[in-house]
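Please look over the chain shown below.

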Amino acid sequence: MADTQQVDPKAERKATRLARQISTFSKAHGGAEGQIAYLGQRGARIVLVGEDGTWGDLVAPSYELAEKAVEKSGITVHEDFDGEFAAKVRTGPYEWTRMAGIQVGGPSNG
């Protein structure tokens, strides 16, 4: 008996749309690598790091859909956001200001 797996057309379209966004990011930044993080009921976060150090992220409604999207896009996916992968991220003044604000109790109002 053949294995007939039901394909949800809406989920398939979402995976294709996410894959297209990942591919667009990759092309704009000289290639890209990614990592998928489980967010619980919210879904999964796809963190992207371009070859130029630019980073971004997308949220998929499920971990499985995120896996399908990165597979369709063809990027390299890391199991963890480890030191070697994280070292590829280039941060700018905005990120440093945000991180400093978090460390000292948030932005001041004065």
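## Overall fold

Buried residues make up 30% of the 110 residues in the protein chain. The model is predicted. Its secondary structure comes to 4 helices and 4 strands. From the N terminus on, the elements follow the order α-β-β-β-α-β-α-α.

The chain exposes about 7800 Å². Carbon and sulfur atoms supply 51% of that area.

Isoleucine 22 sits in helix 1, which spans residues 9-28. Its relative accessibility is 0%, so isoleucine 22 counts as buried. The cut-off for buried is under 20% relative accessible area.

What does isoleucine 22 contact, leaving aside its neighbours within four places in sequence? The partners are Ile46, Leu48, Leu58, Ala69, Val70, Ser73 and Ile75. Ile46 and Leu48 fall within strand 2, residues 44-50. Leu58 falls within strand 3, residues 55-60. Ala69, Val70 and Ser73 fall within helix 2, residues 63-73. Valine 47 is 25 residues from isoleucine 22 along the chain, and their C-alpha atoms are separated by 9.8 Å.

## Salt bridges

Side chains of opposite charge can pair when their charged atoms come close. A search of the whole structure finds 4 salt bridges. One of them joins glutamate 12 and lysine 68, with the closest N and O atoms 3.2 Å apart. Glutamate 12 lies in helix 1 and lysine 68 in helix 2, so this pair ties together parts that are 56 residues apart in sequence. Glutamate 12 is partly exposed, at 23% relative accessibility. Lysine 68 is also partly exposed, with a relative accessible area of 37%. Glu12, Lys68 and Lys72 are linked in a network of salt bridges.

Lysine 88 pairs with glutamate 33, and here the closest N and O atoms are 2.5 Å apart. Lysine 88 is in the loop between helix 3 and helix 4, while glutamate 33 is in strand 1, residues 32-38. The two are 55 residues apart, and the pair links distant parts of the chain. Lysine 88 counts as partly exposed, at 32% relative accessibility.

Arginine 45 and aspartate 57 meet through their side chains in a salt bridge of 2.6 Å, N to O. This pair links strand 2, which holds arginine 45, to strand 3, which holds aspartate 57. The two residues are 12 apart. Arginine 45 is partly exposed, at 29% relative accessibility. Aspartate 57 is partly exposed too, with a relative accessible area of 37%.

## A negative surface patch

Which residues form the negative surface patch? They are Glu64, Glu67, Glu71, Glu79, Asp80, Asp82 and Glu84. Helix 2 gives the largest share of the patch, 3 residues.

Glutamate 84 lies in helix 3, residues 83-86. Its relative accessibility is 66%, so glutamate 84 counts as exposed. The cut-off for exposed is over 50% relative accessible area.

Terms used. Residues numbered from 1 in each chain as written. Predicted model: local features only at pLDDT ≥ 70, side-chain atom pairs only at ≥ 80, totals over all residues. Heavy atoms only, no water. Patch = residues over 30% accessible without salt bridge, like charges linked within 9 Å, V, L, I, M, F, W, Y side chains within 5 Å. Areas by Shrake-Rupley, 256 points an atom, 1.4 Å probe, with all protein chains shown as cover. Lys, Arg positive; Asp, Glu negative; His and termini not counted. Charge placed at Lys NZ, Arg CZ, Asp CG, Glu CD. Buried < 20%, exposed > 50% of the residue type's maximum accessible area, 1.4 Å probe, protein only. Contact = heavy atoms within 4.5 Å.
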